[in-house]
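The sequence and the structure are shown first.

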Amino acid sequence: MRPEASVLHLDLDAFFASVEQRDKPSLRGKPVVVGGVGARGVVATASYEARVFGVRSAMPGGEARRRCPHAAFLGGRFGAYREASGQVMARLRALSPLVEPLSLDEAFVDLRAAESVPGYDTATLQRVVDELRAAITEATDGLTASVGVGTSKFMAKIASELAKPDGSRIVEPGTEVALLAPMEVGVIPGVGPVTVDKLQRIGLHRVGDLQDVDVDELAQVLGRNAATALVALAHARDDRPVEAEREAKSISTEDTFERDLTDVAELTAILRRDARAVARRLTASGLFARTVTLKLRRHDFSTITRSRTLLSATDRAEVVASVAEALLAGVDVTDGVRLLGVGVAGLTDVLQEDLFAEDPPALAEADAAPGAEPTSAPDEEPEPPRRAGWTPGADVEHDEHGPGWVWGSGVGRVTVRFETRTTGPGPVRTFSEDDPRLRRC
Ligand SMILES: [Mg+2]
């Protein structure tokens, strides 16, 4: 932990949904949900108006619809998100050469590397942060970011969380322990639902409880390393550096066998179990993986690893298992396998574009249309046939009416709202799906 507050964390507010509201004036001030459109889709981002109804990231689309049936449910427009993200990261790199992006909408910045920051007193930092937030809103045509500054990554992230939405918070050195004390233990990075549960069972609910705990006692529940790390973080001791190129984090599990296994069916069953364990740990950490790795040690102790990078970041056990099985199929196991493991890497805490690609939005007029009346629970209905291209929210252009976005589609028709970032809320028109004047863009 640094003596001065020189680690900055920036997080755009409800990023995907805010981009949609920026570009679709009729949705400003209204509940918007990006993702959760397909039968198995999950919510990527909910606007603050939708969060009021309890809609959250990673929630299954069906549940989001039950909680907020009048929200606009949109597929993602990742070109637009990537463009905005690039504008934001460019502003951050103009501030400091040392920027560690965590996802499209989140990054750490090391202010020690920033020549334009003359000091770390609160007044100076506040001016730097105010200018940065204004510059980002200007560069992105109206998006807002929350910014936290502290003595470590942990504190900077806590600070930006406290600042949300559209705010800033500078945690002065020396105030960290008191600030953290009343917070729930789950605010500590790496403390997922399983650890929260373990801690609560021994009466540790708040970070302050961890600040007072006997490390030896905690070690009996969590193990020595985890206990030591957790108590350090509870005291705000975190010296992780800001790294422009982050090391690939990974999660893995492996089994060593008492005898060499040759039976493919048996090995496959073990792989599936390992895949489930890995997926559970992903889910518990709120992470999604882009790479699946198979590790295998032969009877002669030679070890081989095989990896495949997915089109889609996933936390689903069946996806991890099927990739691992495919990798296993490419390995000769007839001489016996002594160790088998499944791992995932390329971890991200945001749902990415390809998650939608993996499960293309299914379009049914009644539930695809923003503002539609609630129907029966969508996940009890058979999945409608997939029609590529008319994803709700997608950009289209009509020869006569100009640019707009897909409001809904089904039974051979497409409904478009004609408006853009710079127009006011625009009119809605319905066309035949094969209207030659209507184009996707
Ligand atoms: Mg964000």
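Ala-14 is found in the loop between β1 and α1; helices (H or I, at least four residues) and strands (E, at least two) are DSSP runs, numbered from the N terminus. The model is a predicted one, in which local features need pLDDT of at least 70, side-chain atom pairs count only at pLDDT 80 or more, and totals for chains, interfaces and linings use all residues. Residues are numbered from 1 along each chain as its sequence is written, and side-chain values use heavy atoms, with hydrogens and water left out.

Although Ala-14 is not a glycine, its phi is positive, at about 40 degrees. Most residues other than glycine have a negative phi, and most peptide bonds are trans. A cis peptide bond runs from Lys-164 to Pro-165, with omega near -15 degrees. Pro-165 belongs to the loop between α6 (153-163) and β8 (168-170).

The magnesium ion has protein donors from Asp-11 (OD), Leu-12 (O) and Asp-105 (OD), at 2.1 to 2.4 Å. Donors are N, O and S atoms within 2.8 Å of the metal (3.2 Å for Na, K and Ca); water is not among the atoms, so sites may look incomplete. Along the sequence, the spacing of the donor residues is D-L-x92-D.

Buried means under 20% relative accessible area, exposed over 50%, and partly exposed in between (1.4 Å probe, protein chains only).

| Residue | Relative accessible area | Class |
|---|---|---|
| Leu-12 | 2% | buried |
| Ala-14 | 5% | buried |
| Asp-105 | 11% | buried |
| Ala-236 | 0% | buried |

Strand β1 is also part of an open sheet of five strands, with the order β5-β6-β1-β7-β8 and mixed pairing. Two strands pair if DSSP finds at least two bridges between them. The edges are formed by β5 and β8, each with a single partner strand, so one side of each has no neighbour in the sheet. From one strand to the next, the twist averages 15 degrees. Six bridges join β1 to strand β7 (residues 145-150) in the antiparallel sense, and His-9 has Gly-148 of β7 as its bridge partner.

Another open sheet consists of three strands in the order β3-β2-β4, again with mixed pairing. Its edge strands, β3 (43-46) and β4 (72-74), each pair on one side only. The twist here averages 25 degrees from one strand to the next. Helix α1 (residues 15-23) packs on this sheet and touches β2, β3 and β4, its direction making about 120 degrees with that of β2. Contact means heavy atoms within 4.5 Å; axes are lines fitted to C-alpha atoms, for helices over the stretch in contact, and angles run from 0 to 180 degrees between N-to-C directions. Strand β2 (residues 32-35) pairs with β4 in the parallel sense over three bridges, and Val-34 has Leu-74 in β4 as its bridge partner.

The chain as a whole contains 15 helices and 17 strands. Of its 441 residues, 50% are buried. Among contacts between residues at least 6 apart in sequence, 62% join residues at least 24 apart.
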